Amino acid sequence: MRIDSLILRTAVRLVLPLTVLLAIYAALNGHNAPGGGFIAGLVTTVGLCTYRMAFGERAFHRLFPVHPRWLVVAGLGLTLVVAIIPLLAGEPLLRSASTVLRLGGQELHLVSATVFDLGVLVVVVGVAVGMITRLGEELGP
Amino acid sequence: MTNHLLGLLVVIPMATSVVSVALVGRRRPQRVLGVLSLGSMLLLSLRWLLEIRDGDVLVSQMGAWPAPFGITLVFDSLSGLLICAGLVVALGCYVHGFSTLSPETERRYFHPLAQLLMVGVNQCFLTGDLFNLFVGFEIMLMASYGLLSIGGSRRQMGQAYKYLVLNLVASTVFVISAGLVYGMLGTLNLADLARIVSGRVASGEGLPTGFVAVSVLLLFVFGAKGAMFPLWFWLPDTYHTPPVAVAALFSGLLTKVGVYAVARTFPLVFAVGEARDVVTPLLVVSAGVTMFLGVLGAVSQHSVRRILAIHVISQVGYMVFGLSMMTTAGLAGALYYMVQHMVVKSSLFLCCGVMERHTGSDDLDKVGGLLKRDTFLGVSFFVAAMSLVGLPPLSGFFGKLVLIREGWGIHWWLSVIALLTGALTLLSMLKVWTTGFWLPPGSETSTPTGEPGGLRGAYVGIGFLVITALFIGLAAEPIYDIAFHAGEQLTDPTVYIEAVDPHGLVASLGGSG
Amino acid sequence: MTTVLAICVTVMVTVSVYLMLSRELKSIAMGVFLLGHGANLAILAMSGSPVLPWGGLRQPPILGGEHLVDALPQALILTAIVINFAVMGFFLTLLIVTARKTGTLNVDELAGEEPPRSSPELASEPAPVAGLETRSVAD
């Protein structure tokens, strides 16, 4: 479905980068505070779908040239790898490793669960975009 | 004992599913990968089953979070036996599917969905808490919705909705009950729940208000998934329409997971204290009616697939009969019966698939003389059908023997119904055997459709399942021993609780109960 | 607060039951989705109260803070939402495929035995039922 409106197009151009920024913030923030991969994925999807609505399908394909299926494969693969690695080290599945990085007086808490969350993000974007594209096609161009 | 590799039973099919999605459209690599995945899981779980044959319990805490906080995977005698049986069934149906599924269906995500089904089934069997049981259910159901509707005809679509809506409603009730349990007792870990509930009953404190209501709600949920008495109406149509390999997979796995959920949660938690007085009569009545009406329905049918599908219901009745006794031998008998039923029932469905290929129909009026045409099929069908009936050297006999003998002292009339049901099962199986295989074909026999060859996969699948069924019958003692350990662990959950929570962490924190 | 939530849950469940009793698959779908949301709200209502039934305050199991809500029910709800989301995607896709294949979304007409209508548009090859959506339960 496409809504032909100059206002929407202009707004989306501004909003899409901000949405992605918000999604990244939510994904990285999600370890100890509200946020996380699923929410970040949905935020990204909303941005992408608004873009599709404003610019039409062809422009969307230029922005998003892969079939959503591959995102699902990649994301699930990433989460599975992160889940399995601890097994090789004799730890239970999904065990999260964490380390604190000191950068010029600032402490940065790095956790392997973040990578898992990023995998979730990619899966959610893949599934949601795939679903909405598929359903959107039914409503006509 | 801790064994971190338990998670592999969930990870392997998931990874296979992901890779299969990447390989969509390329049949050969998908097939090889799928068989490898199922085969490796089967070997792993058989190894673990041997390891725990003396009643040990293997446990793995996901992410190293200790028991009541994290996700626990438990591989005890109950789940071990069912996982092995489930994987045998899946392997047989999978290989059978190679030659009976239309290439079109196979290309449309059959392989990823079948693997996803195994993710859900294994997770249901392994998980140690109520909420992950729900998640496992959902993964399994998602895959089954997909499998049910791929390449769907109009009729198949109509049936898919019935199944879909019923299961969605049941799942929602499950979520609500899980929330209620958490609100009442502050935990969802089954071992923790068992400890709290039995502690409260023992100290005379009594169960929290509404606990009995939650028990009944959960019975509704599992009853709907397991096709028990008032909630079975979705089953015959669901198993009638999809491709035969899918129907066989469903008949072996879906309802059993529902029955497993009752076996796992009710003796441990939801049928303790005053809840038992409410739940047991429900189970007893449901068992009797499910057994008897199920078999009556089957006798009245004339299409092989429908006969087999309705028999599933009647045999769920036997399992519920065993569960309703809540004694060690009763539970063990139910478990043994479940294991053999999964294998036998799936092999019957697979035989029916080959029959359809030979004659183009599964209507008893239109088939006949199959024994001459396909001796292997005839013999396999006979062995499987007689196991289902329960003829002595075969597996069904031992299951029924234990159930009926144990039931005699508790609900003798249920044992009588069980015997009657057995006789009617024999009747309907003989009907299929004589008209379909023994008697010469009638005049209106339809001509065979499709190419005659290309049934190698089907024969391998059937042979594998029938040999396993024979093995279960001949090796009844060691398998029943494991089932007996499961019964003991369910009636006296201390071993289970200690295995899940070895350091008594919950108890040391004072618990929330 | 619990009372308000309880009333909301009641209303949602009532509406969804009403919708599910309809003969149109679209309404049934809406009813099912609404029921899922009602269930989530019910979990929130049941475990949101920090006062335990046997007295005392519920402590968050992991963090042990003072003014925190128990995190577990929220995790449960999030999981249930993800699953609902996947189910919704699947259900809607199935609805579309059915509508295209059979030209009707009425339960009675679907249950009937008559062959599908043969208008060229409706008889066209249906799109593959997306197996894709089923994936998202995995996370």
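Helices are DSSP runs of H or I with at least four residues, strands are runs of E with at least two, and both are numbered from the N terminus.

I noted that this is a predicted model, in which local features need pLDDT of at least 70, side-chain atom pairs count only at pLDDT 80 or more, and totals for chains, interfaces and linings use all residues. Residues are numbered from 1 along each chain as its sequence is written, while chains are lettered from A and ligands numbered from 1 in the order in which they are written.

**Confidence, chain A**

I checked pLDDT, the predictor's confidence in each residue, from 0 to 100. The average for chain A is 87, and 97% of its residues score at least 70. In chain A, helix α1 (residues 6-29) has the highest mean, 92, and strand β2 (residues 106-111) the lowest, 80.

**Overall form, chain B**

I looked up the box filled by the C-alpha atoms of chain B, and along the principal axes it is roughly 75 × 55 × 40 Å.

Of the 513 residues in chain B, 64% are buried. A residue is buried if 20 or more other C-beta atoms, placed from the backbone, lie within 10 Å of its own, exposed if 12 or fewer do, and partly exposed in between.

I then looked at contacts, meaning residue pairs whose C-beta atoms, placed from the backbone, lie within 7 Å. Among contacts in chain B between residues at least 6 apart in sequence, 81% join residues at least 24 apart.

**Two alanines with positive phi**

B:Ala64 is not a glycine, yet its phi is positive, about 60°. I found B:Ala64 in the loop between β1 (58-61) and β2 (72-75) of chain B. B:Ala64 has 15 other C-beta atoms within 10 Å, so it is partly exposed.

B:Ala227 also has a positive phi, near 60°. It sits in the loop between α8 (211-226) and α9 (235-240) of chain B. B:Ala227 counts as buried because it has 27 C-beta neighbours inside 10 Å.

**Contact with chain A**

I found 14 residues of chain B in contact with 16 residues of chain A. On the chain B side, α1 (8-22) and β1 each supply at least two residues. α1(B) gives the most, six residues.

Key
Two residues are in contact if their C-beta atoms, placed from the backbone, lie within 7 Å.
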